[in-house]
Amino acid sequence: MKLKLGIYWGAACGGCDVAILDTHEKILDIADKVDIFLWPCAMDFKYDDVKKMKDGYLDAALYSGAIRNSENEEIALLLRRKSKIMIAVGSCAHIGGIPGLANCYTRDEVLKRVYIESESTINEEGIIPEEAWSNDDESLELPRFYNTVKTLDQVVDVDYYLPGCPPVPMQIFSALSLIWNNKLPEKGSIIGAGEKALCDECPRKKDEKRISELKRIHEVIPDSEKCFLEQGIICLGPVTRSGCGARCINSGVACRGCYGPVEDVIDQGTKMISALASVIEAKEETEIERIMDSIPDPLRTFYRFSIPASILRRKKV
Amino acid sequence: MKRIEIDPITRLEGHGKITIFLNDDGNVENAYLQIPELRGFEKFVEGLPVEEIPRVVPRICGV
């Protein structure tokens, strides 16, 4: 019997959905093994179709995207009820992802910028989307835009995590094959990724890491064979889970941590600060300060993908 | 007044919902396209180092 699968996106870009399609000819193997019952990006099913299912009807739900509004949360709860296994797919569902950067601001700051201040928006009446609107005969509702972006496991019980922005297509395929081969690991496991740090699969030459100067990418002509960090260019490789095949590194840019923290680490950003502290070569306190001050945006560099899952969670309000 | 909801609209990047109101004769009185989605890139890229922008904004749409 074929597996019954639901695929959904919350606050997402659709990159994870496309990564599923990017399994190329393997998509035929997937089609052989699974029947799809929800996939807004690619197929026409409605929320009502899912609501009508018996609880536990689906074998697995793949949820990509963060929880940004009440609709994202409602569908996450609905799919959790209808599915035996819930898998957080991609950085947004796993650790908050790029939409999680909004946790540096409040809900009102985001709405004001987008609808009132944006240079490309004409909104003379200053209208901001409301949750409910009605006149005599008609009423409309919109989801509530939350103050805080959440990860999937902050709103529902998650069985497995398939990290990456987006996950490497073949890692999606191997993770799915764990389901139909009955080889799923212990609940709560990361699937479709490595256990060690990205440095472990990074092809660049590594020597001794002693940094006396941090550099932004336009301030140097980087050596394409040498470790970024050893050249003073911040790379989150030491604190990021392997599994991507060093995609960004092989494209000539340093890692920003989309696969989330390495095994047993909760807070990727703090771990990076700690990693950096151990390789900075400076004796005087003022010298350390000067080097650290040269990082233009530590929060959004060390926590590029992981603010909602971190111990910081969001800006204090 | 009869109400028809198409939720979600599918096979596109993003979230959308269409609500149609029919009058007593069964004709369309009003139809609304609702976009229930916002992430706020306009805000959270502010002040980000310029060399990082090309690594963030592709996540507006990955389709």
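In what order do the five strands of the open sheet in chain A run? The order is β2-β1-β3-β5-β9, with parallel pairing. This is a predicted model, in which local features need pLDDT of at least 70, side-chain atom pairs count only at pLDDT 80 or more, and totals for chains, interfaces and linings use all residues. Residues are numbered from 1 along each chain as its sequence is written, while chains are lettered from A.

**The sheet of chain A**
- β2 (34-38) and β9 (160-162) stand at the edges with a single partner strand each, so one side of each has no neighbour in the sheet; strands (E, at least two residues) are DSSP runs numbered from the N terminus, and two of them pair if DSSP finds at least two bridges between them.
- Five bridges join the parallel strands β1 (residues 3-9) and β3 (residues 58-64) of chain A, and Trp9(A) has Ser64(A) as its bridge partner in β3(A).

**The nonpolar core**
- The largest nonpolar core has 81 residues, and Ala61(A), Tyr63(A), Ile87(A), Ala88(A) and Leu162(A) have the most contacts inside it.
- Such a core is a set of buried Ala, Val, Leu, Ile, Met, Phe, Trp, Tyr and Cys residues joined through C-beta atoms within 7 Å, where buried means 20 or more other C-beta atoms within 10 Å of a residue's own, with C-beta atoms placed from the backbone.

**Where the chains meet**
- Here 28 residues of chain B are in contact (C-beta atoms, placed from the backbone, within 7 Å) with 41 residues of chain A.

Technical notes
Buried ≥ 20, exposed ≤ 12 C-beta atoms within 10 Å, placed from the backbone. Contact = placed C-beta atoms within 7 Å. Helix = DSSP H or I, 4+ residues; strand = E, 2+ residues; numbered from the N terminus.
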